[in-house]
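Welcome! Keep the 3D view open as you read.

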Amino acid sequence: MPIVAVNIIKVLFVIALYGFLFYVARSMRGHVAGPPLDSSPNPAPPDAQHPQPPVEKSHPTGDRSIALVAADGTTTTHAVRGVVVVGRGASSDVQIDDEFASERHAQFALEGTTITVEDLGSTNGTTIDGVRIEGRVEVAPGTAVIVGRTRVMVR
């Protein structure tokens, strides 16, 4: 094989290698860095024209729920009885369509009349008021928990 052909193959290989490394670095940046955190203590919901209904402060019967507010403003409500796992995987109790959420991202648990949340080792973490949580954290009604880019309102 002529030396010119070998050199052309070497150059093409190096270009392909750098292209692959660029692709990997670009896709990893989005997964590792995660979404930007809002610096305000209580960020407004994405659809401010449709505010959430008032939240009851006492729940004597233990009926509690979480409301998932997607990035497009759509809201779905799920009852919390026992343990509810939120994530984008099929094994999650509540599946969310959020590329920044892990397969099994966070666990909400009803303990008496109190809801707790725990991050399940997700890549982007779970935040409350812009602070990444560690371990199990008690969540008051009306608190927004961020799972990926999805806002979970505790009721």
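Ser102 touches Gly87, Arg88, Gly89, Ser122 and Thr123, leaving out residues up to four places away in sequence. Keep in mind that this is a predicted model.

**Around Ser102**
- You can find Ser102 in the loop between strand 4 (94–95) and strand 5 (106–111).
- Ser102 counts as buried because its relative accessibility is 14%, and buried means under 20%.
- One of the residues it touches, Gly87, has Gln95 in strand 4 as its bridge partner.

**Strand 3 and its partners**
- Strand 3 covers residues 83–87 and is mostly covered, with 4 of its 5 residues buried.
- With strand 4, strand 3 pairs in the parallel sense over 2 bridges.
- With strand 5, strand 3 pairs in the antiparallel sense over 4 bridges.
- Looking across to strand 5, you will see Ala106 opposite Val86.

- An open sheet is formed by 6 strands in the order 2-1-11-10-7-8, with antiparallel pairing.
- Its edge strands are strand 2 (75–80) and strand 8 (131–132), each of which pairs on one side only.
- Val131 in strand 8 stands opposite Ile128.

**The largest nonpolar core**
- The largest nonpolar core has 20 residues, and Ile66, Val86, Phe108, Val117, Val145 and Val147 are those with the most contacts inside it.
- Two or more residues each come from strand 1 (64–69), strand 3, strand 5, strand 6 (114–119), strand 10 (144–147) and strand 11 (150–154).
- Which strand gives the most to this core? That is strand 5, with 3 residues.
- Val147 is in contact with Val86, Ile96, Asp98, Ala101, His105, Ala106, Thr126 and Val152, leaving aside neighbours within four places in sequence.

**A nonpolar patch on the surface**
- Phe13, Val14, Leu17, Tyr18, Phe20, Leu21, Tyr23, Val24 and Met28 form a nonpolar patch on the surface.
- Together, these residues have about 940 Å² of accessible area.
- Leu21, one of the patch residues, has its place in helix 1 (residues 3–33).
- Leu21 counts as partly exposed because its relative accessibility is 45%, between the cut-offs of 20% for buried and 50% for exposed.

Note on methods
Residues are numbered from 1 along each chain as its sequence is written. This is a predicted model: local features need pLDDT of at least 70, side-chain atom pairs count only at pLDDT 80 or more; totals for chains, interfaces and linings use all residues. Side-chain values use heavy atoms; hydrogens and water are left out. Buried means under 20% relative accessible area, exposed over 50%, partly exposed in between (1.4 Å probe, protein chains only). Contact means heavy atoms within 4.5 Å. Patches are made of residues with over 30% relative accessible area and no salt bridge: like charges are joined within 9 Å, nonpolar side chains (Val, Leu, Ile, Met, Phe, Trp, Tyr) within 5 Å. Accessible areas come from the Shrake-Rupley method with a 1.4 Å probe; for residues, only the protein chains shown count as cover. A salt bridge is a side-chain nitrogen of Lys or Arg within 4 Å of a carboxyl oxygen of Asp or Glu. Two strands pair if DSSP finds at least two bridges between them. A nonpolar core is a set of buried Ala, Val, Leu, Ile, Met, Phe, Trp, Tyr and Cys residues joined through side-chain atoms within 4.5 Å.
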